[in-house]
Amino acid sequence: MVLLFPLFLPLAGALLVFLCRNPRVVVRVALTVGTLELAAIGIAVYSIHSWGVLQLGRYLRADGLTSFFLISLGLISALVLVYSSGYLRHVPEGRFSSLRWFYGLVFLFLFTMVAVYLSANLGMMWIFVEATTLASALLVGFYNTEGAVEAGWKYLIVCTVGIAFALFGTIAFYLAAVKGGVSPQSALDWGTLMAAAPGLVGGRELLKLAFVFVAVGYGTKVGFVPMHSWLPDAHAEAPSPISALLSAVLLNCAMYALLRFDAITSRAIGSGFSHTLLLIFGGVSLAVASLLMIVQRDLKRLLAYSSIEHMGIVAIGIGLGGTLGLLGALLHTFNHSIAKTLLFFTAGNVRENFGTLRMERIRGMALSLPWAGGALIVGGLAITGMPPFGLFVSELVILTAAFSTAHYFIAVLMLAAISVVFGALLHHFQHMLMGKSDDVPAQPALQASWLVVMGVCALCLVVLGVHIPAAFNAVLRGAMAVLQP
Amino acid sequence: MGLFETAAAKALASSGVFLFMTVLLIAAAKRISTCIALFSVQSLIITAQIIAVSRMHHSTEGFVIAGLVLSVKVIAIPYVLYRIVEELKAPRDVSSSTSSSQSVFIAAGLILLSFFAVRPYVGVLGGDQAMLAAAVALVLTGGFLMVSRKKALMQVVGLLVLDNGIFLAALTTTFGMPLVIEIGIVFDLLMGVFLMGLFVFRIRDTFDHLDVSKLRRLRG
């Protein structure tokens with residue numbers, strides 16, 4: 001029962017929003033459902049913490065890993081809803097792009113992502129990962145401009161093709177499990193597969209083939225280079241709250257799917273193969289994205305490439321494995337989500353005030369927009385991994401894992417890439433903050449709701465950078481215990 | 001083995017050939033509507049295979065899946081695509097970057113390639129070599145259609161052919177997945193096609209053409 005609320009509340013929210021006609025009521029309904037959803041997730045996380053694995057019927061299951069990812073989903077989606085209530089004031093009433101459609105699709109999108117986390121069955125997980133694409137494609141194309149339509153089309157096509165490969169990988173896993181003696185009816189259940197994994201060693205070649213397809217398929221959604229082509233376009237063209245949802249929740253969602261498959265593969269045939277593959281994908285993504293960040297001109301494209309870079313770091317953490325690597329990777333997904341949300345919100349604010357996201361046209365934010373400028377500085381320092389922010393800790397943990405397992409090449413690559421990123425962001429942000437702007441900003445003062453949202457982000461980043469709270473630590477331990485039985 | 005089972009096994013063994021034919025014909029086709037019809041035929045062959053396989057394994061779930069595939073992939077999706085072609089009132093050629101004969105040549109090459117590609121995996125995956133090769137050939141040609149045809153609708157057709165390939169691979173290697181999962185997969189596909197249709201109209205309305213090769217604003 002505890003699992004049904006977080007799953008179906010967003011769906012109910014979507015229905016309610018579609019029924020409402022008045023824009024003001026729509027916003028109020030959205031905020032109410034968002035609050036309820038946050039509470040439902042809180043209760044679910046607490047129940048998982050006290051009872052261990054929760055199973056509901058054959059298709060719903062939640063364990064420590066689920067609850068860890070649900071926390072970041074709940075937090076970010078609540079922030080996004082609050083931010084949107086102030087951001088989307090002047091939305092034109094168009095077909096599929098009214099306020100009603102915005103919130104309706106956001107709730108559908110949230111529903112599909114919660115369903116991915118709660119799926120007990122790998123096949124069902126695939127269905128909902130594909131559904132996340134379908135639910136968010138219209139949101140990416142929300143503004144209906146040439147760029148937005150093109151980005152939405154590209155997102156839909158590239159991700160559907162990518163996910164099709166993940167389907168084949170899932171089928172191959174199923175085949176390996178059935179050949180290894182698991183009954184066909186439960187051969188896609190993650191719990192069953194995890195328990196039966198040591199007995200699947202006979203299907204070594206098949207499992208390797210399956211994992212390659214899964215890594216390419218879900219990797220498309222994570223944004224690994226070279227399957228990342230949809231990501232910068234979608235992030236740059238979507239409305240800023242949606243960019244935050246894509247970057248901070250959707251990418252984690254795909255990474256979560258990869259983690260589940262990696263756990264089974266590692267347990268069945270040893271971690272060598274899958275972890276090497278993740279290290280390669282992670283390393284390439286990190287290197288390519290960090291270099292591309294130097295030449296970006298659009299603020300949101302810059303942030304999108306930064307997401308690719310950070311997903312690369314997370315993949316490296318998982319690929320290094322062991323307690324340290326995994327701890328760093330999980331912590332990094334959380335920290336990255338918060339920092340990236342803060343930055344995309346700031347980008348939305350910049351767009352509202354300057355009417356553009358071209359970084360060379362934006363000057364003098366420090367003077368003319370002191371609050372947004374401050375948020376940009378905090379976000380920029382956090383995302384480049386400076387102390388005292390959370391990303392410093394998680395990157396340090398991953399680097400420690402790399403050095404302690406003698407992966408010197410990866411460690412050096414990571415240090416070099418982080419330095420390049422620091423230089424690139426310093427260059428871009430410094431240009432935007434300093435100097436005097438020719439245009440007078442439309443709205444120098446931030447709205448109260450934005451101050452709250454950005455304050456929460458900054459507070460989380462600082463807290464996680466200084467000391468991990470005991471409750472969060474318990475959830476983190478629970479997640480680690482699932483992956484390393 | 002009764003007469004029906006024997007016939008089913010024979011049909012299954014030879015249907016790979018028909019699939020290769022649809023692949024070559026799609027590569028040769030010059031009009032979008034021909035490609036849609038060929039996709040429908042292709043899905044019909046796969047439906048026949050599902051029926052044959054479920055008859056051999058005496059499974060009732062298989063018949064449900066066959067019915068689902070028949071209604072969605074043979075009837076609903078081609079119908080929706082036809083309607084879109086009609087509604088768009090745009091030129092109906094596929095506007096390929098390779099000529100018709102070149103495309104056939106490339107498709108034939110891809111078929112050969114897929115026979116070589118599946119050879120090491122026949123032992124591991126199980127299943128008939130020709131069928132596995134047909135599955136890989138469908139995936140490859142689907143990808144080829146997506147990169148070489150410029151019309152947005154043809155990208156959808158390419159994607160559907162690719163998806164047929166993966167479906168066929170699933171059918172030949174594992175005999176079907178649990179029913180609920182299959183239903184979900186087909187439902188996703190249907191929704192996906194609706195959404196892509198919606199985007200096709202949006203591309204036409206915002207750009208006044210359907211040539212995706214001209215969508216280049218967002219490179220780099």
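These questions and answers walk through a predicted model with chains A and B.

Visitor: How many residues of chain A are in contact with chain B, and how many of chain B with chain A?
Guide: The model is predicted, and totals for interfaces use all residues. On that basis, the contact joins 33 residues of chain A to 29 residues of chain B.

Visitor: Which helix gives the most to the side of chain A that touches chain B?
Guide: At least two residues of that side come from each of α5, α6 and α8 of chain A. By class, the side of chain A that touches chain B has 20 nonpolar, eight polar and five charged residues. The helix that gives the most, with 18 residues, is α6(A).

Visitor: Are α7(B) and α8(B) roughly parallel or roughly antiparallel?
Guide: Helix α7 of chain B covers residues 152–173 and helix α8 of chain B covers residues 179–207. Their axes come within 10 Å and cross at roughly 165°. Angles over 145 degrees count as roughly antiparallel, so α7(B) and α8(B) are roughly antiparallel.

Visitor: What is the handedness of the crossing where α7(B) passes α8(B)?
Guide: Two packed helices are described by the angle between their axes and the distance between the axes. Handedness is a further description, and for α7(B) passing α8(B) the crossing is right-handed.

Visitor: Which residues in α8(B) meet α7(B)?
Guide: From α7(B), the residues in the contact are Ala152(B), Leu153(B), Val156(B) and Asp163(B). By class, the contact of α7(B) with α8(B) has eight nonpolar, no polar and one charged residues. On the α8(B) side, the residues are Leu189(B), Val193(B), Met196(B), Val200(B) and Ile203(B).

Visitor: Does Arg204(B) count as buried or partly exposed?
Guide: Arg204(B) sits in helix α8 of chain B. Its C-alpha atom is 10 Å from that of Lys89(B), a residue 115 places away along the chain. A residue needs 20 or more other C-beta atoms within 10 Å to be buried; Arg204(B) has 18 such neighbours, so it counts as partly exposed.

Visitor: What is the span of α16(A) from its first C-alpha to its last?
Guide: Helix α16(A) has 15 residues. Its buried residues include Leu391(A), Val393(A), Ile398(A) and Leu399(A), and what covers the buried residues includes α12 (299–320), α13, α15, α17 and α18 (448–466) of chain A.

Visitor: Is Ala406(A) buried or exposed?
Guide: Just after α16(A), Ala406(A) takes a positive phi of about 60°, although it is not a glycine. Ala406(A) is in the loop between α16 and α17 (408–433) of chain A. A residue with 12 or fewer other C-beta atoms within 10 Å is exposed; Ala406(A) has 9, so it is exposed.

Visitor: Which residue with a positive phi follows α17(A)?
Guide: α17(A) has 26 residues and reaches 37 Å, close to the expected 38 Å. Among its buried residues are Met414(A), Val421(A) and Phe429(A). The residue that follows α17(A), with phi near 80°, is Gly435(A).

Visitor: Which residues is Met359(A) in contact with, leaving aside its neighbours within four places in sequence?
Guide: Met359(A) lies in the loop between α13 (322–354) and α14 (365–368) of chain A. It counts as partly exposed, with 19 C-beta neighbours inside 10 Å. Its contacts are Arg297(A), Leu299(A), His428(A), His431(A) and Met432(A).

Key:
Residues numbered from 1 in each chain as written. Chains lettered and ligands numbered in written order. Predicted model: local features only at pLDDT ≥ 70, side-chain atom pairs only at ≥ 80, totals over all residues. Axes fitted to C-alpha atoms, helices over the stretch in contact; angles between N-to-C directions. Helix = DSSP H or I, 4+ residues; strand = E, 2+ residues; numbered from the N terminus. Parallel < 35°, antiparallel > 145°, perpendicular 65-115°, else oblique. Left-handed = near helix turned anticlockwise from the far one by under 90°. Contact = placed C-beta atoms within 7 Å. Nonpolar A, V, L, I, M, F, W, Y, C, P; charged D, E, K, R; others polar. Expected span 1.5 Å × (residues − 1).
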